[in-house]
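Look at the sequence and the model below.

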Amino acid sequence: MAKEKITIHEAPLKTNCPECFTQEGLHLAFVTEEEKTRLIYRSKGELSSVMRCQKCENTIYPERWTDDIERLYEYHRKLAGSPRAFFRMRPLAILLIVGILFAGIAAALFFQRPELFR
């Protein structure tokens with residue numbers, strides 16, 4: 001099962017980094033995770049965030065956020081919206097289900113009316 005992270009919303013933040021105190025490097029990204037297999041695509045619709053400073057290359061965790069960062073986070077969280085959860089079957093899964101369905105119907109007809117198959 002391959003998991004892929006999809007970026008929903010990205011934004012550079014014009015506030016001080018709590019680690020290196022630069023105003024130009026803070027970057028916020030909202031991502032969701034999708035699972036892909038041979039038979040299905042699935043997403044739970046959960047949104048996670050990653051905040052990094054590109055100058056000092058540190059990840060900024062919520063414990064280190066200032067009030068300005070929290071306000072900007074909430075603003076961009078509303079802009080990102082909430083991703084929809086979905087479950088999709090791939091064509092291989094649909095063919096497999098249709099094949100099993102036809103085999104079941106053929107078996108039922110064979111046992112109910114064997115004279116059709118002579």
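This is a predicted model: local features need pLDDT of at least 70, side-chain atom pairs count only at pLDDT 80 or more; totals for chains, interfaces and linings use all residues.

The label follows from the cut-offs: buried means under 20%, exposed means over 50%, and partly exposed lies in between. Arg64 sits in the loop between S3 and H1.

What does Arg64 contact, once its neighbours within four places in sequence are left aside? The partners are Pro18 and Glu19. Ala106 is another matter. In sequence, Arg64 and Ala106 are 42 residues apart. In space, 65 Å separate the two, C-alpha to C-alpha.

## Thr15, another loop residue

Thr15 belongs to the loop between S1 and S2. Is Thr15 buried or exposed? Thr15 is buried, because its relative accessible area is 7% and the cut-off for buried is under 20%.

Thr15 also has a list of contacts. Residues up to four places away in sequence are not counted here.

Now for the strands. Four of them form an open sheet, in the order S1-S2-S3-S4. Their pairing is antiparallel. S1 and strand S4 (86–89) are the edge strands, and each pairs on one side only. From one strand to the next, the twist averages 30 degrees.

Take S3 and S4 as a pair. They are joined in the antiparallel sense over four bridges. Here Arg42 stands opposite Phe87 in S4.

Helix H1 covers residues 67–80 and lies across S1, S2 and S3. H1 runs at about 40 degrees to S2.

## The largest pocket

How much space lies in the largest pocket? The value is about 210 Å³. The lining of this pocket has 14 residues. Nearest its centre lie Thr32, Glu33, Glu34, Lys44 and Glu46.

Which strands supply at least two residues each to the lining? They are strand S1 (2–12), strand S2 (26–36) and strand S3 (40–53). S3 gives the most, with seven residues. Sorted by class, the lining has eight charged, four polar and two nonpolar residues.

How values were computed: Residues are numbered from 1 along each chain as its sequence is written. Side-chain values use heavy atoms; hydrogens and water are left out. On a 1 Å grid over the protein atoms alone, a cavity is a set of points where a 1.4 Å probe fits but cannot get out, and a pocket is an open set with protein on both sides within 12 Å along at least five of seven lines; lining residues have an atom within 4 Å of a point. Grid points are joined across faces, edges and corners, and a volume is the space filled by probe spheres set on the points. Ala, Val, Leu, Ile, Met, Phe, Trp, Tyr, Cys and Pro count as nonpolar, Asp, Glu, Lys and Arg as charged, and the others, Gly among them, as polar. Two strands pair if DSSP finds at least two bridges between them. Axes are lines fitted to C-alpha atoms, for helices over the stretch in contact, and angles run from 0 to 180 degrees between N-to-C directions. Contact means heavy atoms within 4.5 Å. Buried means under 20% relative accessible area, exposed over 50%, partly exposed in between (1.4 Å probe, protein chains only).
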